[in-house]
Amino acid sequence: MDDSALTLDGNAIAGLLADVFNGAEVTAALRGCGSCGQLHAIGEHRLYRGPGFVLRCPGCDDVALTLIDADGHRSVRLTGTWSIRTPR
Ligand SMILES: [Zn+2]
């Protein structure tokens, strides 16, 4: 079986990302990777789930986002260049 059939992508956490970014539709937003230099939509990034969520670059597997909900707080770490339009 092809593993890609079992892999989730950034589209799977569209609602969570919209919550983090003030209602913005983030999955179509572009991210420039600081490691491989490729440009990909957030929805194309591979999603890994553990205690939180990790998005990885589809080009080189570098970490693009970590998101953890714990102790009543949400911690978000972004790497690379994200271009996001949010509602005012
Ligand atoms: Zn990359």
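## Exercises around a zinc site

In this model, the zinc ion is coordinated at 2.3 to 2.4 Å by the SG atoms of C33, C36, C57 and C60; donors are N, O and S atoms within 2.8 Å of the metal (3.2 Å for Na, K and Ca), and since water is not among the atoms, sites may look incomplete. The model is predicted: local features need pLDDT of at least 70 and side-chain atom pairs 80 or more, while totals for chains, interfaces and linings use all residues. Residues are numbered from 1 along each chain as its sequence is written, and side-chain values use heavy atoms, leaving out hydrogens and water.

**Exercise 1.** Work out which arrangement the four donor atoms take around the zinc ion.

*Solution.* Start with the angles: the donors subtend 104 to 116°. Four donors count as tetrahedral if all angles lie between 85 and 135 degrees. The arrangement is therefore tetrahedral.

**Exercise 2.** Find which parts of the chain the pair C33 and C60 ties together.

*Solution.* First read the donor spacing, C-x2-C-x20-C-x2-C. Next place the two residues: C33 sits in the loop between β2 (30-32) and β3 (39-41), and C60 in the loop between β5 (53-56) and β6, so the pair links parts 27 residues apart in sequence. Strands here are DSSP runs (E, at least two residues), numbered from the N terminus. Finally, check accessibility: C33 is buried at 6%, whereas C60 is partly exposed at 32% (buried means under 20% relative accessible area, exposed over 50%, partly exposed in between, with a 1.4 Å probe and protein chains only).

**Exercise 3.** Look at R31 and identify its side chain's polar partners.

*Solution.* Begin with location: R31 belongs to strand β2. Its side chain makes a polar contact with the side chain of H45 at 3.4 Å and reaches the backbone oxygen of T79 at 2.8 Å. A polar contact is a pair of N or O atoms within 3.5 Å; within protein, one must be able to donate a hydrogen and the other to accept it, and residues adjacent in sequence count only if both atoms are side-chain atoms.

Key. Four donors count as tetrahedral if all angles lie between 85 and 135 degrees; four count as square planar and six as octahedral if opposite donors are over 155 degrees apart and all others between 65 and 115; anything else is irregular. Helices (H or I, at least four residues) and strands (E, at least two) are DSSP runs, numbered from the N terminus.
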